[in-house]
Amino acid sequence: MNLNDLNKLYDFTGRSVVVTGGTGVLGRVIVEALIGCGASVTLITRSVKKGQDLVAEVKATERAVVVQCDILSSDDLEGARQAVIEKFGRIDCLVNGAGGNRPEATTSDKLSFFDVPQEALRQVFDLNLLGTILPSQVFGKEMAKQGEGVILNISSVSSLLPLTRVVGYSAAKAAINNFTAWLSVYLAREYSPKIRVNAIAPGFFLTDQNRYLLTEEQTGKLSARGQSIIDHTPMARFGEPNDLVGATLWLLSPASSFVTGTVIPIDGGFTAFSGV
């Protein structure tokens, strides 16, 4: 393979990519990278304004569209699918980036596991697991028709080494890993070996959701939990959003054409370290 062929592997010109959760801290760098590599991107979001602001910032109004959608509504997702097909004609990739946690589904000194409310757990399971399965059903069906495509799920290191306290989130992300493997086999065997399904498992990144769990709001210094995480991370730092880009583009591109059913940790060595 020569360098020109290698460069072409990461040229997404003419490829249509659907992204859920693309307006978050981590999702937006994925969107920016895809647009920078020439992709046509559809942002699936509940907040049209956030999506439009992102599109304006990256100056990609011709190759990026925003579709308002509740990812837990099959009817909404079907409407979004139709909008993508009308605009770009096909769906080459799906990035299932939507997810998150709730304080009520997290144990603490004030909340025992035995008192975690069922509704909070259900909301976390639905957002993370169903929020991955349902878009995969709707947008993946187009890939099945085409006989090719790539689905990339967003897991977490908490799925591999369950973290203390985050009982609902860890369980939901672990289920995403299982679903990733299952769907990769199903689509390759039942429809086409050119349809691939993988996941990335980000480690600890400072986001709006966890910033003040890992750092002190007043001083910016590490909290006790943040220090514990850094101590367990061989690279001794939190991830930067751009750290996700390389693995994401690789898994979405033909460069990983023989890779499916995998979960790739992006965690600075967190899951590799035994602690001793």
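The model is predicted, so local features need pLDDT of at least 70 and side-chain atom pairs count only at pLDDT 80 or more, while totals for chains, interfaces and linings use all residues. Residues are numbered from 1 along each chain as its sequence is written, and side-chain values use heavy atoms, leaving out hydrogens and water.

Let us start with the sheet. Seven strands form an open sheet in the order β3-β2-β1-β4-β5-β6-β7, with parallel pairing. Its edge strands, β3 (64–68) and β7 (263–266), each pair on one side only. Strands here are DSSP runs of E with at least two residues, helices are runs of H or I with at least four, and both are numbered from the N terminus; two strands pair if DSSP finds at least two bridges between them.

Now look at β1, residues 16–20. Five of its five residues are buried, meaning under 20% relative accessible area with a 1.4 Å probe, protein chains only. In a regular strand the side chains alternate between the two faces of the sheet. Here Ser16, Val18 and Thr20 point one way from β1, and Val17 and Val19 point the other way. β1 pairs in the parallel sense with β2 (residues 40–45) over five bridges, and Val18 stands opposite Thr42 in β2. With β4 (residues 93–96), β1 pairs in the parallel sense over four bridges; Cys93 in β4 is the bridge partner of Val17.

Helices come next. α5 packs on the sheet, touching β1, β2, β4, β5 (149–154) and β6 (195–202), where contact means heavy atoms within 4.5 Å. α5 (residues 118–146) also meets α6 (residues 167–190): their axes come within 8 Å and cross at roughly 20 degrees. Axes are lines fitted to C-alpha atoms, for helices over the stretch in contact, and angles run from 0 to 180 degrees between N-to-C directions. α5 and α6 are therefore roughly parallel to each other, a label for angles under 35 degrees. Among the residues that meet are Leu121, Phe125 and Leu129 in α5 and Ala172, Ile176 and Phe179 in α6.

Finally, find Leu222 in the loop between α7 (211–214) and α8 (224–231). Is Leu222 buried or partly exposed? Leu222 is partly exposed, with a relative accessible area of 32%; that class lies between the 20% limit for buried and the 50% limit for exposed. Not counting residues up to four places away in sequence, Leu222 touches Leu214, Thr215, Glu216, Gln227, Ile230 and Phe238.

Definitions and conventions. Angles under 35 degrees count as roughly parallel, over 145 as roughly antiparallel, 65 to 115 as roughly perpendicular and the rest as oblique.
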